[in-house]
Amino acid sequence: MTHTIAYLPGDGVGPEVASAARSVIEKVADKFNLSLEFKEAHFGGAAIDATGHPFPDETKSICDDADAILLGAVGGPKWDGAEIRPEKGLLEIRQRLGLFANLRPIAVMAGMERHSPLKTEIAKNTDILIIRELNGGVYYGKRVEGTEKASDLSEYSRREVERIARIAFETARGRRSKVTSVDKANVLATSRLWRTVVTELQVSDYSDVTLEHQLVDSMAMKLVTNPSDYDVLLTENMFGDILSDEASVIAGSIGLAPSASLNEKKAGLYEPIHGSAPDIAGQGKANPIGAVLSGAMLLRHSLGENDAATTIEVAVQNTIHSGTITSDLGGSASTIDVTRAVCAAL
């Protein structure tokens, strides 16, 4: 059976890191006798330049038919202030494919504590999975633009909260059986609904999983004072966007952090959480590890190839421990150097 992967390099450093991830995936596919077909398509700013839209019809068709999607990055100053922005494509693809569950693992590898901006004893043993609801909240609500007054409506339904909470509880059962639900229930009505639904679900179906609630401002503080205390963090769209970027640097660099965005059929979109970094695009400085680990998540979650995914993750750890690292981690290796080292480690 051949698995089809929609390949969307995107903008800035996106093509560089996506190419790295593809090379590693193809290498491990040979090792495990997997049949894969990559179909490349325009997306983001590159698609605007080519077609006038960040998510053109041809790309939609390829993504609709794919088993998984591998994305580089989107955006850049070239399109700032434009009537149609590259990020519009991200919102559209998430909604079109029902990608409501965003998984962002943040782990400090043994021996990597010295690269963290936190004290070694604080960063040590951090292993967090942030589960962010991706299809609701303020990013998708009714919007009123204006130069004197503007508004963005945040909405959540019971169904939306329950389906993302189930993923958090189910995932926690395979980890350390602890879920921390993050909200702003002392102020926001959507957060009070969120807290109510999550609590009811834990009582009825997941009493074996420990549940605690944290207000988002308090959580932002605790992430950098006691990150190893947390297992699965469950939160809504905007809070998850902010907290996951904060948490990403605990491991040493945002360039290390992968992500998966899944729908109810486990088809998904996989991308590093860093942006397009246009200031270093084309210079071979981008850290490809976040994209490579996103490729491992693709193999695990969409293709069911857990052994292949684990093999990539071990190869990444061995590469980092060998000292083959990019400048964001204090090294001198290029994007291609790191990619070749991971492939060799496979």
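Trainee: Which residue in strand 12 is the bridge partner of serine 261?
Mentor: That's leucine 269. Before we go on, this is a predicted model, where local features need pLDDT of at least 70, side-chain atom pairs count only at pLDDT 80 or more, and totals for chains, interfaces and linings use all residues. Residues are numbered from 1 along each chain as its sequence is written, and side-chain values use heavy atoms, with hydrogens and water left out.

Trainee: OK. How many bridges join strand 11 to strand 12, and do they run parallel or antiparallel?
Mentor: Three bridges, and strand 11 (residues 260-262) and strand 12 (residues 268-270) run antiparallel. Strands here (E, at least two residues) and helices (H or I, at least four) are DSSP runs, numbered from the N terminus. Two strands pair if DSSP finds at least two bridges between them.

Trainee: What's the strand order in the sheet?
Mentor: The order is 2-1-3-12-11-4-5-10-8-9, an open sheet of ten strands with mixed pairing. Strand 2 (35-40) and strand 9 (210-215) are the edge strands, each pairing on one side only.

Trainee: Switching to helices. Which residues of helix 9 are buried?
Mentor: Asn237, Phe239, Gly240, Leu243, Ser244, Ala247 and Ser248. Because they cover an arc of only 150 degrees around the axis, they sit on the same side of helix 9. That arc is taken from the directions from the helix axis to the C-beta atoms. Buried means under 20% relative accessible area (exposed is over 50%, partly exposed in between, with a 1.4 Å probe and protein chains only).

Trainee: And what do the buried residues of helix 9 pack against?
Mentor: Several elements, including strand 4 (101-107), strand 5 (127-133), helix 7 (189-205) and helix 8 (216-225). Contact means heavy atoms within 4.5 Å.

Trainee: Which residue caps the N-terminal end of helix 9?
Mentor: Glutamate 236, with a side-chain oxygen 2.9 Å from the backbone nitrogen of methionine 238. A polar contact is a pair of N or O atoms within 3.5 Å; within protein, one must be able to donate a hydrogen and the other to accept it, and residues adjacent in sequence count only if both atoms are side-chain atoms.

Trainee: New topic: where is alanine 185?
Mentor: Alanine 185 is in the loop between strand 8 and helix 7.

Trainee: Is alanine 185 buried or exposed?
Mentor: Buried, with a relative accessible area of 13%. Leaving aside neighbours within four places in sequence, alanine 185 is in contact with Ser191, Arg192, Arg195 and Leu215.
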